[in-house]
Amino acid sequence: STKKLWGGRFQAQAEAWVDEFGASISFDQLMADEDIEGSLAHVKMLKKTKILSEVDSNKIIAGLEELQQELHDGKLEFTVENEDIHMNIESILTEKIGPVAGKLHTGRSRNDQVATDFHLYVKNRLPKIIEEIKTIQKTLVTLAEDNVETIMPGYTHLQHAQPISYGHYLMAYYAMLKRDVERFEFNMKHTDILPLGAAALAGTTFPIDREFTAQELGFGDIYTNSLDAVSDRDFVLEFLSNASILMMHLSRFCEEISMWVSYEFNYLELSDQYTTGSSIMPQKKNPDMAELIRGKSGRVYGHLMGLLSTMKSLPLAYNKDLQEDKEGTFDTVKTLLPALRVFNGMISTIKVHKERMYHATENDFSNATELADYLATKGIPFREAHGIVGQLVLKGIETHHNLQDITMKEFKQISPLIEDDVYNMLKPEVAVERRNSLGGTGFKQVQMQIEQAKVDLAK
Ligand code: ARG
């Protein structure tokens, strides 16, 4: 293999397969744009501070700009011999403009360079992810508006608990995604910090101007400790952690979709566009997309655990272990963006079987709390009322009757205070409507959530 950029003190060369093990070019070329951008800012700073002459600086700037164009035209070719994106770019630049290219690395190290590239990479992707989440939030609000008065069983322990509004259910996911957006927005604060200028680990003797570089690259802040600058990957861990929580939210929704499109539930129907058939069973319509999003949450968690484990016990400052920070992060972005888009398409084309949902609340005992509450308002202590209704449920199960089937005569035996209005109270839609406490499933409360969401999304 050819002589390395850092080959001065070396007498023997590694074999190609060893080089390949150490190389990162196969994946870090994804940051080629960021790398050139970082180098351009760095050389402009070297020019401004007169660390490099105007003539030299201008040659390097022109060369880098040409390189940038070639990259966008898909003309750049990288080699494993040059190990990573940083040395590949420098080597191509040298071919282009000659030995003056060697001045670009003045006052800089690959350690602060790679950190800068990675900060830029995450920084550039955060807004895209936030935008995709907001698109889903808008869809959820639209769906919720259509379903404020759609009644369905609410579950705890996957058992019918109390009837709720399907719009309320949808707005619960809206609320989760709102926190996701906030987390990614906060992620920006720790990503928007410039490491460049930390050099290898200790800063540099050159009179560099980090404020200038920060401004050139659009960073809002600058690392104040050079050791921290080159070894911090918190911003990536936060990103992976936020991504994991987001995927967990999508996965929970997808789990419910998968259950609810089943024959047994039949609450929802997915569009043909987001389902697949079976190669053997002609009748099948499988919720593949929902299952895949649920499944892909696993790999995102894996990337978070992977990097946490890599970072644990790493002594300061840079260690080559840190090269392992990239693939999982790239894969997370590659997983997240399409998952968000597919999720949005899938839920916006969902058909809601409103009657079926309603029917599921009619033939159960999810109005038992209503009756207990009713008895409590008639002066029976709630504990006692709970016991009475429990016995009525037991009897109902034995005789295949629901609470609304109990005759007035039977009710009067329980308490003479029970009136005809009890039957109205036992209707699922009335049960939902009356849960008008702040944040409850009552129609008014759901409508309020929707209005607030619209205001928030318009911001
Ligand atoms: N490819 C390396 C990485 O991704 C770049 C930094 C290398 N620095 C070093 N001193 N070997 O982390």
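This report walks through a predicted model of a protein, from its overall shape down to a few single residues.

**The whole chain**

Let's start with the big picture. The protein has 19 helices and six strands. Its radius of gyration is 31 Å, well over the 23 Å that the globule rule gives for 459 residues, so the protein is more spread out than a compact globule. You can see this in the C-alpha trace too, which spans about 100 × 50 × 40 Å along its principal axes. As for burial, 37% of the 459 residues count as buried.

**Domains**

| Span | Helix | Strand | Distance between end C-alpha atoms |
|---|---|---|---|
| Residues 8–302 | 61% helix | 6% strand | 40 Å |
| Residues 365–433 | 67% helix | 0% strand | 17 Å |

**Around the ligand**

Now to the ligand. Which residues surround the ligand? They are Ser-24, Asp-28, Asp-84, Arg-110, Asn-111, Val-114, Tyr-318, Lys-320, Leu-322 and Gln-323. Sorted by class, that shell holds four charged, three polar and three nonpolar residues. Helix H6 (residues 110–146) gives the largest share of the shell, with three residues.

Why does the ligand lie between domain 1 and domain 2? Both domain 1 (13–106) and domain 2 (111–358) give residues to the shell, so the ligand sits between the two.

**A hairpin of two strands**

Next, have a look at strand S1 (residues 151–156) and strand S2 (residues 159–165). These two run antiparallel, and six bridges join them. Together S1 and S2 make a hairpin, with two residues between them.

His-157, in the loop between S1 and S2, has a positive phi of about 55° although it is not a glycine. Is His-157 buried or exposed? His-157 counts as exposed, because it has 6 C-beta neighbours inside 10 Å, and 12 or fewer is the cut-off for that label.

You'll find Glu-83 in the loop between helix H4 (54–72) and helix H5 (85–97). What sort of surroundings does Glu-83 have? Glu-83 has 23 C-beta neighbours inside 10 Å, so this residue counts as buried; the cut-off for buried is 20 or more. So His-157 counts as exposed, while Glu-83 counts as buried.

Finally, check the peptide bond from Leu-316 to Ala-317. That bond is cis, with omega near 0°. Ala-317 belongs to the loop between helix H11 (288–311) and helix H12 (326–348). While you are in this part of the chain, look for Tyr-318, Lys-320, Leu-322 and Gln-323, which are among the residues around the ligand.

Terms used
Residues numbered from 1 in each chain as written. Predicted model: local features only at pLDDT ≥ 70, side-chain atom pairs only at ≥ 80, totals over all residues. Near = placed C-beta within 6 Å. Helix = DSSP H or I, 4+ residues; strand = E, 2+ residues; numbered from the N terminus. Nonpolar A, V, L, I, M, F, W, Y, C, P; charged D, E, K, R; others polar. Domains from an automatic or database assignment. Pairing = 2+ DSSP bridges. Rg over C-alpha atoms; globule rule 2.2 N^0.38 Å.
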